[in-house]
Structures are given as structure tokens and as C-alpha cells.
Amino acid sequence: MDSLEDKIRKIREIEEFIEETMWISLDNENYEKALRNYEQAKNDLESLEGLNGETEKEQKRVLSYCLMRINDALESLDRSEGSIERAEGVLKLAKESGDSVQVLRSKLALGVALLNSGMFPEAEAHFTDIILQTQYESEDEDVIQVYGWTLIVRANILLGKSLYSQAEEVANKALSVLSGIENYAGLRTVYSLLSRIYQAEGVVEKAESCKLKSQKYGKLAKEHRQ
């Protein structure tokens, strides 16, 4: 029978496998294979027996993260039916794990699922809650990252409403936040967003500059996996 240390090590190995799968799928866009890998990771996590206390919480934290990735892969495959229910399950597990960062990530994922389903007030409630909890964080980079990505979502909403100056302001705030922690994937996304904002405003030179910066940070994200 495996010791608790062995089980913790196994959970961490599964988490690394999930992370590796995510980065590879971003590169090759083979989301079907990514989904199969995530499903395998889910089965491996659920098959662990004899867990208790902190070991069980760690299993639930990684399982919540795994299910979040499954939802992302399904979205990328245009199979969004049931996404809200899955996201609610992700958040439930995160809360049971007691991991504050995974709870924040799960709230953001649920907010996006609600937003994509047209449930704007419900989605906005989650985004507001996240911002209130994260906006003054200065040390925990994982928390800061969630704050930055939530600002990106909010800027996208403003862009969709053609509120360009407000969208630009929020996107630049996200840029400042994510630059501070060198979150290359976030910087790739926020520069792409700024490019679209400037394009909509007719500021072509700025739009092209931001597009090039997005490509630059996209390469850095793949190289450094962050």
C-alpha cells in the first residue's frame, strides 16, 4: 500500500501532466488529444484511495484544476453544453480543497461560462467578487495573475459594448498588473485585446504595434511556460 507521501507525489505528478498537456495544446491546438489526457488525469486522481486530511484536500485541488481544463478543452472544441454545471462543480471542489487560489480561478472560470451563456448579471457578480478580493494583493503572484486576467475579461466586455475608452483603461490596468509578474501568456492576451480596441478606434499604428507585442509575448509564453 502506498504511503501518504507516495500519494502526494502521485498527485503532484498528475498536476504536472495536466500542465504539460495544457502548454502542448496551446502550441499544436490538438484539443481532442488534450481532452483525452485530462480525462486520464481525472480518472487517475479519482482512483486514489485511502486519502485523508491534507492529502484529500490536495487531491480535490488538483481535481478541480483538471476539471477546469476539461471544460476549457470542450469549449475549444465547440462543445459548450453543460459548461456552467461543470464550472459549478469545479468551484465546489475548489472550496472543499480550501485552496484560495484555486477558488479564485474557479470563480473566474464560472464567471466566463455564465458570460458566454448570456447570464451577464450573474457573471459580473463573480468578476466583482474576484476584483474585491485580489486588487490589493502585492505578494502572491498567483492571486495577482487572477486579478489581471479578470481585468482582461472585464475589458473584453466593455469592448463588446463599444465602450472603447473604458475598455482601453481597464486593459492598460491589466497590462500593468501582468507586467509586474511577467505573466507572458497574460501579456500576449492583453496586447491582442489592446490591438482590437485600437483597431475599433481607428488607431491603426497602435493596433499594429500591440499585435506585434502580442506575438512576441506569445513566443515567450511558450518558451517559459508562464
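Trainee: Tyr184, buried or exposed?

Mentor: Tyr184 is buried, since its relative accessible area is 14% and the cut-off for buried is under 20%. Keep in mind that this is a predicted model.

Trainee: How many aromatic pairs does the structure hold?

Mentor: There are 2 aromatic pairs in the structure. One of them joins Tyr184 and Tyr217, and it is stacked, with 6.0 Å centre to centre and 25 degrees between the planes.

Trainee: Why does that angle count as stacked?

Mentor: Because planes under 30 degrees apart count as stacked, and the planes of Tyr184 and Tyr217 are at 25 degrees.

Trainee: Where in the chain do Tyr184 and Tyr217 sit?

Mentor: Tyr184 is in helix α9, residues 184–201, and Tyr217 is in helix α10, residues 204–224. The two are 33 residues apart, and the pair links distant parts of the chain.

Trainee: And Tyr217, buried or exposed?

Mentor: Tyr217 is buried, with a relative accessible area of 16%.

Trainee: What about Tyr191 and Tyr217, what do they form?

Mentor: Tyr191 and Tyr217 form a stacked aromatic pair, 5.8 Å centre to centre with 5 degrees between the planes. Tyr191 lies in helix α9 and Tyr217 in helix α10, so this pair ties together parts that are 26 residues apart in sequence. Tyr191 is buried, as is Tyr217.

Trainee: Which residues do the ring pairs link into a cluster?

Mentor: Tyr184, Tyr191 and Tyr217.

Trainee: Change of topic. How many helices and strands does the protein chain have?

Mentor: The protein chain has 10 helices and 0 strands. Read from the N terminus, the elements go α-α-α-α-α-α-α-α-α-α.

Trainee: What share of the residues counts as buried?

Mentor: Of the 226 residues, 44% are buried. The accessible surface of the protein chain is about 12,200 Å², and carbon and sulfur atoms hold 47% of that.

Trainee: How far apart are the mean positions of the positive and negative charges?

Mentor: They are 3 Å apart, for 29 positive and 41 negative charges in the protein chain.

Trainee: Among contacts between residues at least 6 apart, what share joins residues at least 24 apart?

Mentor: That share is 61% for the protein chain.

Trainee: Give me a single residue. What does Ile11 touch?

Mentor: Not counting residues up to four places away in sequence, Ile11 touches Leu45, Leu48, Thr55, Glu58, Gln59 and Val62. Ile11 is in helix α1 and counts as buried, at 0% relative accessibility.

Trainee: How far is Ile11 from Lys161?

Mentor: Their C-alpha atoms are separated by 43 Å, and Ile11 and Lys161 are 150 residues apart along the chain.

Trainee: Where is Gln102, and is it buried or exposed?

Mentor: Gln102 is in helix α5, residues 100–116. Gln102 is buried, at a relative accessible area of 2%. Leaving aside neighbours within four places in sequence, its contacts are Arg61, Ser64, Tyr65, Met68, Val90 and Ala94.

Trainee: And Asp72, where is that?

Mentor: Asp72 is in helix α3, residues 53–76, and is partly exposed with a relative accessible area of 35%. Asp72 and Ser83 are 11 residues apart in sequence and 9.0 Å apart in space, C-alpha to C-alpha.

Trainee: Where are Glu29 and Ser162 placed?

Mentor: Glu29 is in the loop between α1 (4–28) and α2 (31–46). Ser162 is in the loop between α7 (141–160) and α8 (164–180).

Trainee: Last one: how exposed are Glu29 and Ser162?

Mentor: Glu29 is exposed, with a relative accessible area of 57%. Ser162 is partly exposed, with a relative accessible area of 43%.

Methods: Residues are numbered from 1 along each chain as its sequence is written. This is a predicted model: local features need pLDDT of at least 70, side-chain atom pairs count only at pLDDT 80 or more; totals for chains, interfaces and linings use all residues. Side-chain values use heavy atoms; hydrogens and water are left out. Rings of Phe, Tyr and Trp (its six-membered ring) pair if their centres lie within 6.5 Å; planes under 30 degrees apart count as stacked, over 60 as edge-to-face and the rest as tilted. Helices (H or I, at least four residues) and strands (E, at least two) are DSSP runs, numbered from the N terminus. Buried means under 20% relative accessible area, exposed over 50%, partly exposed in between (1.4 Å probe, protein chains only). Contact means heavy atoms within 4.5 Å. Accessible areas come from the Shrake-Rupley method with a 1.4 Å probe; for residues, only the protein chains shown count as cover. Lys and Arg count as positive and Asp and Glu as negative; His and the chain ends are not counted. The place of a charge is taken as NZ of Lys, CZ of Arg, CG of Asp or CD of Glu.
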